[in-house]
Amino acid sequence: MAKLIALYKHPKDPAAFDAHYTSTHAPLAKTIPGLRHYDVSDGKVAGPGGDTGYHLVATLTFDSMADIEAGLASSEGQATAADLGNFADGGVELLMFDTRNL
């Protein structure tokens, strides 16, 4: 399996961010070819020391890194990426990696 983790930093208007994410961005992301599972954090994103500076964490699961790359290169992936500028004014970090079971 492979994961794409999106770490969304605190936006200027959290309510507007949440409304756009739920009504527009998440439905776009769900159309990315090869996507197997998609979930998001629920509530505060905390670390051992308290606040992390992140508003929301999204985890997208694919079969492989090649599937992530193909999904992001698709028209659906490009539309999802283009939408980030419409709501993620705090910034977003994307991490992509293969996983293995231990």
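The largest pocket of this predicted model holds about 210 Å³ of space. Lining residues, which have an atom within 4 Å of a point, number 17, and Leu4, His25, Leu72, Thr80 and Leu94 are the closest to the centre. Two or more residues each come from strand 1, helix 1, strand 5 and helix 3 (75–83), with helix 3 giving the most, 4 residues. Helices (H or I, at least four residues) and strands (E, at least two) are DSSP runs, numbered from the N terminus. By class, the lining has 13 nonpolar residues, 4 polar and no charged ones, where Ala, Val, Leu, Ile, Met, Phe, Trp, Tyr, Cys and Pro count as nonpolar, Asp, Glu, Lys and Arg as charged, and the others, Gly among them, as polar.

Turning to the sheet, 4 strands form an open, antiparallel arrangement in the order 2-5-1-6; pairing requires at least two DSSP bridges. Strand 2 (37–40) and strand 6 (92–98) each have a single partner, so one side of each lacks a neighbour in the sheet. Strand 1 (residues 2–9) and strand 5 (residues 54–62) are joined by 8 bridges, with Tyr8 partnered by Leu56.

Tyr8 also forms an aromatic pair with Tyr21, edge-to-face at 5.5 Å centre to centre and 80° between the planes. Ring centres must lie within 6.5 Å to pair, with planes under 30 degrees apart stacked, over 60 edge-to-face and the rest tilted. This pair links strand 1 to helix 1 across 13 residues.

Residues are numbered from 1 along each chain as its sequence is written. Local features need pLDDT of at least 70 and side-chain atom pairs 80 or more, while totals for chains, interfaces and linings use all residues, and side-chain values use heavy atoms, without hydrogens or water.

Notes: 1 Å grid on protein atoms, 1.4 Å probe; cavity = no way out; pocket = protein on both sides within 12 Å on 5 of 7 lines; lining within 4 Å. Points joined across faces, edges and corners; volume = space filled by probe spheres on them. Phe/Tyr/Trp six-rings, centres within 6.5 Å; stacked < 30°, edge-to-face > 60°.
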